[in-house]
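Please keep the sequence and the model in view while reading.

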Amino acid sequence: MDNDKKITVRQFLMMVILFSIGSSILFIPSGAAGYTKQGAWISTLAGMVTGVPIILLFLNLARRYPDMTFVEISNQLLGRWLGTAFSLYWILTAFMGGATTLVYYMGNFITTQIMPDTPEYTINIMFSGIVVMGLLLGMNTLARAVEVLFPVVIVLFFVLILFVSPKIQIEHFLPVIDFGIKPFIKAILLYISYTSIPVVFYLMIYPSSVRGGTKAAKALLIGNLIGGSLLLIITAACVGVLGAGPTARQFYPSYALAKRINVANFITRIEVIVATIWIIGLYYKTSIYFYAMLKGAAQLFSVRSERVLALPLGLIMVVMSLVVYPNSAYQLQWDERTWTLYGPTAGLIFPLVLLVVDMVRSKKKP
């Protein structure tokens, strides 16, 4: 790819941060509080630390094959049949476990919290249409747009924290450690499943489509850590203001947190701040999932350009988003139990297998 058409390191960093926030900003606080109560911030911090070696694993794999995507690496190391099977499973994970579910989240959030009289399918169609449109315009267009949208997210985030910080009660964090080792591990697994492991789908972009190639490795790691730090702050704010119990029970705790803003009975009901942060973050997370699936499918089936697949697969994504979760109770069970095992299969075990195979092959070479 021409270097002028590649994503700059700064754009790449901002995209990784938004990707890491993504859907996590609404779900991580409740999940962490549900498992570790007042210590939700501790498990979130532990999740950030646990995610570092996972990101380093991805970077190590990318460093060995700087001109290839994950699908190409898989086919190169595992051969035609096994490599195709690995790649197909990985692509379906990006589509069904990633893009499709995020479109559902968008429709569910908007219709339950902001526009209850609007049919969910209309939101899903509009959101999917914007995702498809963005990818038809190209990854460069998304990268340029992030330079405008990222500052908006950061400013709104700290405005939210500034307004709710006077309502934080220290007693909500006490006792500090009131959980067992098993809930603590579950909370960490929840965090890495939604924030660290999905970064593997950036291997369809990094390093082949990023200026500097593997020299941009720090951007991937630092971006994920910055995103994790923002999640840590919002989790601590939710527990400090709402309390551990209400945070765990809320479906969208950070949105409920924004409803508590009341400055002199003048600045109030501005929870649209969280909605804006989440919509932008979710858009970029959905776009990366969808792009990974598009590019992977194009490479797997030898399609000349992934853009040819964007519209038909976008229509399938809309339909699947309406049936992927029968109800909210099923969604909660899937998110907390199934995805925490399913996600690491494609996002952790697969890259580890590829790295081991490459190391074994390297030792056999004379």
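Where is the place of lysine 37? Lysine 37 sits in the loop between α2 and α3.

## Basis of the report

The model is a predicted one, in which local features need pLDDT of at least 70 and side-chain atom pairs count only at pLDDT 80 or more, while totals for chains, interfaces and linings use all residues. Residues are numbered from 1 along each chain as its sequence is written, and side-chain values use heavy atoms, with hydrogens and water left out.

Helices (H or I, at least four residues) and strands (E, at least two) are DSSP runs, numbered from the N terminus.

## Backbone features in the loops

Most residues other than glycine have a negative phi, and most peptide bonds are trans. Lysine 37 has a positive phi, near 55 degrees, and is a residue other than glycine.

Two cis peptide bonds may be described here. One joins leucine 174 and proline 175, with omega about -10 degrees; proline 175 belongs to the loop between α7 (139-164) and α8. Another runs from tyrosine 206 to proline 207, with omega near -5 degrees, and proline 207 lies in the loop between α8 and α9 (217-242).

## The cavities

Rolling a probe the size of a water molecule over the atoms shows where empty space is left. On a 1 Å grid over the protein atoms alone, a cavity is a set of points where a 1.4 Å probe fits but cannot get out; lining residues have an atom within 4 Å of a point. Grid points are joined across faces, edges and corners, and a volume is the space filled by probe spheres set on the points. Two cavities of 30 Å³ or more are present in the structure.

The largest cavity holds about 90 Å³ of space. Its lining consists of 15 residues, and those nearest the centre are Gly97, Thr101, Leu102, Tyr194 and Trp339. At least two lining residues come from each of α5 (80-114), α8 (181-196), α12 (272-300) and α14 (328-364), with α5 giving the most, five residues. By class, this lining has eight nonpolar, five polar and two charged residues. Ala, Val, Leu, Ile, Met, Phe, Trp, Tyr, Cys and Pro count as nonpolar, Asp, Glu, Lys and Arg as charged, and the others, Gly among them, as polar.

The second largest cavity contains about 30 Å³ of space. Ile28, Ala32, Ser43, Thr44, Ala187, Leu190 and Tyr191 form its lining. Each of α2 (24-36), α3 (40-64) and α8 supplies at least two of the lining residues, and α8 gives the most, with three. Five residues of this lining are nonpolar, two are polar and none is charged.

## The second largest pocket

A pocket, in contrast to a cavity, is an open set of points with protein on both sides within 12 Å along at least five of seven lines. The second largest pocket has a volume of about 280 Å³. It is lined by 16 residues, and Phe27, Ser30, Gly31, Leu332 and Glu336 are the closest to its centre. The elements α2, α8, α10 (244-249) and α14 give two or more residues each to this lining. The largest share, six residues, comes from α2. The lining of this pocket comprises eight nonpolar, five polar and three charged residues.

## Helix packing around α5

Axes are lines fitted to C-alpha atoms, for helices over the stretch in contact, and angles run from 0 to 180 degrees between N-to-C directions. Helix α4 (residues 70-78) packs with α5 at an angle of about 155 degrees, the axes being 7 Å apart. The two helices, α4 and α5, are therefore roughly antiparallel (angles under 35 degrees count as roughly parallel, over 145 as roughly antiparallel, 65 to 115 as roughly perpendicular and the rest as oblique). In their contact (heavy atoms within 4.5 Å), Phe70, Val71, Ser74, Asn75 and Leu78 of α4 meet residues of α5 including Arg80, Phe86 and Trp90. This contact divides into seven nonpolar, five polar and one charged residue.

The axes of α5 and helix α6 (residues 120-137) come within 8 Å and cross at roughly 130 degrees. These two helices, α5 and α6, are therefore oblique to each other. Among the residues that make the contact are Val103, Tyr104 and Met106 of α5 and Glu120, Ile123 and Phe127 of α6. The contact of α5 with α6 has six nonpolar residues, five polar and one charged.
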